[in-house]
Amino acid sequence: MPQRLICCFTVFVILFICTAIPAAALTPSELKEKLISETAVLMDGETGQVLFEKDHQLKMAPASITKIMTALLALENSEPGSIISMSEEAVFSIGRGTSHIALDVDEELTLEDALYALAIESANDAANGIAEHISGSLAEFAALMNYRAQKAGAINTNFSNAHGLPDPDHYTTAYDMAMITRAALEIPRFTEIFSAFQYDMPPTNKQEEPRIFWRNNSLLTGKYKYQGVIATKTGWTRDSQHTLVTAAKRDGRTLIAVVMKSSAPNDKWEDTVSLLDYGFSELISVNFTKEELAKEHYLITDGYGTEIDAELFTDKNFSCLIPNSMTKADIKIHYITENNISPVNPQVKAVFLLDTENPGSVFSKLGELEMTMLDNNYIATSADLTSNNLTDDKKWPSIVIWTIGILGILLVLFIFLGIRREIMIQRRWRNRYNSYIDRNKY
């Protein structure tokens, strides 16, 4: 009996010690080794800062995470209560073996119904209906998708359809999908739709019974249920394999995780959880006040080639996220200017970089901030700055140039008028002489 008690006590002590010792911090390099998906990115949803990446600029087939862009355009360009009427092309241009909700030709549904079908059932027919409703045709909607992607900062993306079914010209990157999702998160209705796990679609003119949608997403209801998820969308085709975009929010921090080309179904869930856990537990926020960012003496070359001892300042603070193994001292600020900068519109940026030789998969660029430049002789950064703001020592070259130009024009005009007057005098005397000869001819 005493031996059994001793054994139980020993086990209890061991368990207590194991739970009391915090798990070792996960480094970016360890996280990269852990991920199975071929490409991935973790982004700060507020600032767009890349917090972690694994080949995040590699072009990949997105599959149904394409529908995030489709929903973004729908919510930006129409009202949820507007009516969609399904065309024959919208219904039959997709294979019946793909995801759909059996919409029929001329069937009418609201945009809200279509969006929930898009988000929960990944309905390709609903995606086509939305595309035609917004742009009039599937091709025009694809063009709009690409325009909006560029505007969102997704410059390595080309969409050819609204649903994500395979097409050689339909591709994106993990980074671009994070940027598109970041734009979509600005619309409150988007998070409401893409975090719902159930929706009852009412009967339509072609369907007497309601359609009930249930989301099969493990981050919302299953084994990998994750606290704070505000939007999530899966995708799969044979070409793309498994893709997943997820946004989660905790304690005021919004993170976007994108994983692409996961071979096994559970890989995408495990990789996403690993990314989000890293973002919420292994990163700390660092802030720079506008007073800290002010720089009294900064040498800058203006448009005349003159080196100016300038003062830089900003009216904004700057914040970023870095691994908790680092400190604010590991961040270096570089003040970047354009070459041969114009004195009336200088572009000066403070670029924040992690000062480390081996950051692993942490993106070394933390962000940038527009700065204002002030010189003791002149101010040259305000948006409404004109040449009248320049002091006399900067005005005189322009004044001399203008004066010489005007005098040159007057001189040319004077010479022209003199030559013209001489020609007219010669012509007048010639006419008189000819007239005299004619009168005395006979």
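Q: Where in the chain is Ser 122 found, and is Ser 122 buried or exposed?
A: In this predicted model, Ser 122 is found in the loop between α5 (111-120) and α6. Its phi is near 55°, a positive value in a residue other than glycine. The cut-off for burial is 20% relative accessible area. Ser 122 has a relative accessible area of 9%, so it is buried.

Q: Which class does Asp 106 fall into, by relative accessibility?
A: The place of Asp 106 is in the loop between α4 and β4 (108-110). Although Asp 106 is not a glycine, its phi is positive, about 70°. The relative accessibility of Asp 106 is 45%, so this residue counts as partly exposed.

Q: Why do the buried residues of α7 lie on the same side of the helix?
A: The buried residues of α7 are Leu 138, Phe 141, Ala 142, Met 145, Asn 146, Arg 148, Ala 149 and Ala 152. They lie on the same side because the arc they cover around the axis is only 165°. In general, an α-helix has 3.6 residues a turn, so residues three or four places apart point the same way.

Q: Which residues are exposed on the other side of α7?
A: The buried residues of α7 are covered by elements that include α3 (67-77), α4 (88-92), α6 (124-135) and α8 (174-184). Exposed on the other side of α7 are Ala 139, Tyr 147 and Lys 151.

Q: How many of the 11 residues of α3 are buried?
A: Among the buried residues of α3 are Ile 68, Met 69, Ala 71, Leu 72 and Leu 75. Helix α3 is largely enclosed by the rest of the structure, because the buried residues number nine of the 11.

Q: At what angle do α3 and α6 pack, and what is the make-up of their contact by class?
A: The axes of α3 and α6 are 10 Å apart, at an angle of about 40°. The contact is made by Lys 67, Thr 70, Leu 73, Ala 74 and Asn 77 of α3 and by Asn 124, Ala 127, Ile 130 and Ile 134 of α6. By class, the contact of α3 with α6 has five nonpolar, three polar and one charged residues.

Q: Which residues does Ala 196 touch, not counting residues up to four places away in sequence?
A: Ala 196 is found in the loop between α9 (188-194) and β5 (198-201). It counts as buried because its relative accessibility is 14%. Ala 196 and Trp 214, 18 residues apart in sequence, are 8.9 Å apart from C-alpha to C-alpha. Not counting residues up to four places away in sequence, Ala 196 touches Tyr 116, Ile 120, Arg 215 and Leu 220.

Q: What separates the C-alpha atoms of Lys 290 and Lys 316?
A: Lys 290 lies in helix α11 (residues 290-293) and is partly exposed, with a relative accessible area of 37%. Not counting residues up to four places away in sequence, Lys 290 touches Thr 314, Asp 315, Lys 316 and Asn 317. Lys 290 and Lys 316 are 26 residues apart along the chain, and their C-alpha atoms are separated by 5.6 Å.

Note on methods
Residues are numbered from 1 along each chain as its sequence is written. This is a predicted model: local features need pLDDT of at least 70, side-chain atom pairs count only at pLDDT 80 or more; totals for chains, interfaces and linings use all residues. Side-chain values use heavy atoms; hydrogens and water are left out. Buried means under 20% relative accessible area, exposed over 50%, partly exposed in between (1.4 Å probe, protein chains only). Helices (H or I, at least four residues) and strands (E, at least two) are DSSP runs, numbered from the N terminus. The arc is that of the directions from the helix axis to the C-beta atoms. Contact means heavy atoms within 4.5 Å. Axes are lines fitted to C-alpha atoms, for helices over the stretch in contact, and angles run from 0 to 180 degrees between N-to-C directions. Ala, Val, Leu, Ile, Met, Phe, Trp, Tyr, Cys and Pro count as nonpolar, Asp, Glu, Lys and Arg as charged, and the others, Gly among them, as polar.
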